[in-house]
Amino acid sequence: FFFFFFLVPCQRPVMAEGEAAEAVADVRDGQFVVLISSDGHEFAIPRKCANQSETIKIMLSGPGQFVENEKNEIVFRDIPSHILERICIYLHFKYRYQNLCKEIPVFPIKPEIVIDLLMAANFLDA
């Protein structure tokens with residue numbers, strides 16, 4: 001499964017040869033980062049959004065300290081897809097509203113995932 005930026009659950013999209021090459025090039029160029037859940041779902045989000053997490057930012061920066069820096073891909077063995085999806089949405093939300101002078105809207109969280117989401121957010125320093 002592959003989820004691209006807007007996180008619409010679907011199977012890997014069927015792309016024309018040029019589109020697929022362009023998507024791979026965006027990840028290789030570092031414009032996008034692929035976050036992989038414990039159950040194998042992939043989420044491609046812009047690097048500028050992913051960097052809202054200090055943990056991800058550290059993993060993606062620095063001179064060769066982490067293999068994730070070279071691949072622009074991070075596997076989270078302890079974070080399932082339903083939690084990683086909400087984290088990706090939150091990282092985009094945080095990026096969007098980071099310099100807003102107005103009141104920031106409430107980020108909705110379902111009560112049944114609060115504990116898991118809190119633990120993942122704590123690990124990611126998001």
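Predicted model: local features only at pLDDT ≥ 70, side-chain atom pairs only at ≥ 80, totals over all residues.
**Entry 1: overall layout.** I started by counting elements and got six helices and four strands in the protein. Reading from the N terminus, I wrote down the order β-α-β-β-α-α-α-β-α-α. Of the 126 residues in the protein, 37% are buried. I put the accessible surface at about 8100 Å², with 56% of that surface belonging to carbon and sulfur atoms. I also looked up contact separation: among contacts with a separation of 6 or more, 60% are between residues 24 or more positions apart.

**Entry 2: strand β2.** How many residues of β2 are buried? I get five of its five, so to my eye the strand is mostly covered, taking under 20% relative accessible area as buried. I then sorted the side chains by face. Phe-32, Val-34 and Ile-36 sit on one side, Val-33 and Leu-35 sit on the other, and both faces are covered.

**Entry 3: strand β3.** I ran the check again on β3, residues 42–46. Five of the five residues there are buried, so the rest of the structure largely encloses this strand. Glu-42, Ala-44 and Pro-46 point one way, while Phe-43 and Ile-45 point the other way. I noted that Glu-42 is on the buried list along with the others.

**Entry 4: the β2–β3 pairing.** In which sense do β2 and β3 pair, parallel or antiparallel? I find antiparallel, over five bridges, with β2 spanning residues 32–36. I looked up two of the partners in β3. Phe-32 has Pro-46 as its bridge partner, and Leu-35 has Phe-43. Then I went to the turn. The hairpin has five residues between the strands, and Gly-40 takes a positive phi near 90 degrees there.

**Entry 5: the β2–β4 pairing.** I followed β2 to its other partner strand in my list, β4, at residues 73–75. Three bridges join β2 and β4, and these two run parallel. For a reference point I picked Ile-36, which stands opposite Val-75 in β4.

**Entry 6: to keep.** Five of five residues are buried in β2, and five of five are buried in β3.

Conventions. Residues numbered from 1 in each chain as written. Heavy atoms only, no water. Buried < 20%, exposed > 50% of the residue type's maximum accessible area, 1.4 Å probe, protein only. Pairing = 2+ DSSP bridges. Contact = heavy atoms within 4.5 Å. Areas by Shrake-Rupley, 256 points an atom, 1.4 Å probe, with all protein chains shown as cover.
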